[in-house]
Amino acid sequence: HSGSYQAERRFAETQDTGFLLQTLNKLWEKHPDTPPLRVGITLFGFVPADAHQPDLFERRRDRRLMQAVDAVNRKYGRDTLHFGHQREVKRALSGDK
């Protein structure tokens, strides 16, 4: 389809939200300047948390941070803690200023 853009990135299983957002940002930087009509993301290869095999280079600090963020959000509600740029993206998508 003319005018379409597609990108793919493969990586080891991860529970690191920061890594996933960084990966998405790198892919997004390469998209054409035309505004998208739709965006789709496909993730696969999910494993249960208790079967997660950490990457040899995964930093324990990051994993503990993500677990702490998840615990706060479970207790106080979704998006109580979030990555800073997530708020900007939500505003842009909703049309709020």
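I began at threonine 23, which counts as buried at 5% relative accessibility. For my own record, buried means under 20% relative accessible area, exposed means over 50%, and partly exposed is what falls in between, with a 1.4 Å probe and protein chains only. Before going on, I noted that this is a predicted model, where local features need pLDDT of at least 70, side-chain atom pairs count only at pLDDT 80 or more, and totals for chains, interfaces and linings use all residues. I also noted that residues are numbered from 1 along each chain as its sequence is written, and that side-chain values use heavy atoms, with hydrogens and water left out.

**Threonine 23 and its partners**

I found threonine 23 in helix α1. Helices here are DSSP runs (H or I, at least four residues), strands are runs of E (at least two), and both are numbered from the N terminus. Leaving out residues up to four places away in sequence, I saw threonine 23 touch Arg9 and Phe11. Contact means heavy atoms within 4.5 Å.

**Leucine 27**

Next I went along to leucine 27, also placed in helix α1, which covers residues 17-29. At 21% relative accessibility, leucine 27 is partly exposed. Its contacts, apart from neighbours within four places in sequence, are Tyr5, Ala7, Glu8 and Arg9.

**The phenylalanine pair**

Which way do the rings of phenylalanine 11 and phenylalanine 19 meet? I first wrote down the rule: rings of Phe, Tyr and Trp (its six-membered ring) pair if their centres lie within 6.5 Å, and planes under 30 degrees apart count as stacked, over 60 as edge-to-face, the rest as tilted. The count by this rule is 1 aromatic pair. The two ring centres are 5.2 Å apart and the planes stand at 80°, so phenylalanine 11 and phenylalanine 19 are edge-to-face. Phenylalanine 11 is partly exposed at 32% relative accessible area, and phenylalanine 19 is partly exposed at 24%.

I looked for salt bridges, meaning a side-chain nitrogen of Lys or Arg within 4 Å of a carboxyl oxygen of Asp or Glu. The tally is 1 salt bridge. Glutamate 8 makes it with arginine 10, with 2.9 Å between the closest N and O atoms. Both glutamate 8 and arginine 10 are exposed.

Is histidine 52 buried or exposed? I find histidine 52 buried, at 13% relative accessible area, in the loop between α1 and α2.

**The nonpolar patch**

I then turned to the surface, where Phe11, Leu20, Leu24, Trp28, Val39, Ile41, Leu43 and Phe46 form a nonpolar patch with about 780 Å² of accessible area together. Patch members have over 30% relative accessible area and no salt bridge; like charges are joined within 9 Å, nonpolar side chains (Val, Leu, Ile, Met, Phe, Trp, Tyr) within 5 Å. Areas come from the Shrake-Rupley method with a 1.4 Å probe, and for residues only the protein chains shown count as cover. I looked up valine 39 by itself: valine 39 is exposed at 53% relative accessible area and lies in the loop between α1 and α2 (60-76).

**The whole chain**

Last, I stepped back. The protein chain has 3 helices and 0 strands. Of its 97 residues, 9% count as buried.
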